[in-house]
Amino acid sequence: MASATLHVAGYAALRAGHVPKRQATRTAAAGALLVGAGKELWDATGTGDPSWRDLAWDGLGVLVGVFLVRAADGPI
C-alpha cells in the first residue's frame with residue numbers, strides 16, 4: 001500500500017504543477033519504485049531483511065496507484 005500511496009501522492013503533486021498526465025504517471029511510478037528499491041538496498045546493508053518478494057509487491061503497489069489515478073483523472 002505504501003507504493004500505491006507514494007504513486008498517487010506523487011502524481012497529484014506533479015499534476016498540481018501542470019505536468020502532463022503521461023509524464024506525471026511515469027515520474028510518480030519511477031519515484032515510488034526508487035523508494036521501494038532504496039528500502040531493499042538499505043535492508044541489504046544489514047539493517048533489515050532484503051526481499052525480492054517485497055520488491056515485487058512494491059511493483060504491484062505502483063500498478064494499483066496507476067489504476068487509481070486513471071480512475072480518478074481519466075486515461076493517460
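Here are a few friendly notes on a predicted model, taken helix by helix.

1. S3, A4, H7 and Y11 are its buried residues. Seen down the axis of α1, they fall within an arc of 100°, so they line one face of the helix.

2. What do the buried residues of α1 pack against? Their partners are α2 and α3. On the other side of α1, you will find A2, T5, A13 and A16 exposed. Just after the helix comes H18, with a positive phi of about 65°.

3. Next, look at α3, which covers residues 52-73. Its 22 residues should span 32 Å at 1.5 Å a residue, and the 31 Å between its end C-alpha atoms agrees with that. At the start of α3, a side-chain oxygen of S51 comes within 3.1 Å of the backbone nitrogen of R53. After the helix comes G74, whose phi is positive, near 85°.

4. Which residues of α3 are buried? They are D58, G61, V62, G65, V66 and V69. These residues line one face of the helix, because they fall within an arc of 145° when seen down the axis of α3. They pack against α1 (2-16) and α2 (21-47), while W52, R53, A56, W57, F67 and A71 are exposed on the other side.

5. Finally, the largest nonpolar core is made of five residues: Y11, V19, A24, A28 and V69. Leaving aside residues up to four places away in sequence, A28 touches H7, G10, Y11 and L14.

Technical notes: Residues are numbered from 1 along each chain as its sequence is written. This is a predicted model: local features need pLDDT of at least 70, side-chain atom pairs count only at pLDDT 80 or more; totals for chains, interfaces and linings use all residues. Side-chain values use heavy atoms; hydrogens and water are left out. Helices (H or I, at least four residues) and strands (E, at least two) are DSSP runs, numbered from the N terminus. The expected span of a helix is 1.5 Å times one less than its number of residues. Buried means under 20% relative accessible area, exposed over 50%, partly exposed in between (1.4 Å probe, protein chains only). The arc is that of the directions from the helix axis to the C-beta atoms. Contact means heavy atoms within 4.5 Å. A polar contact is a pair of N or O atoms within 3.5 Å; within protein, one must be able to donate a hydrogen and the other to accept it, and residues adjacent in sequence count only if both atoms are side-chain atoms. A nonpolar core is a set of buried Ala, Val, Leu, Ile, Met, Phe, Trp, Tyr and Cys residues joined through side-chain atoms within 4.5 Å.
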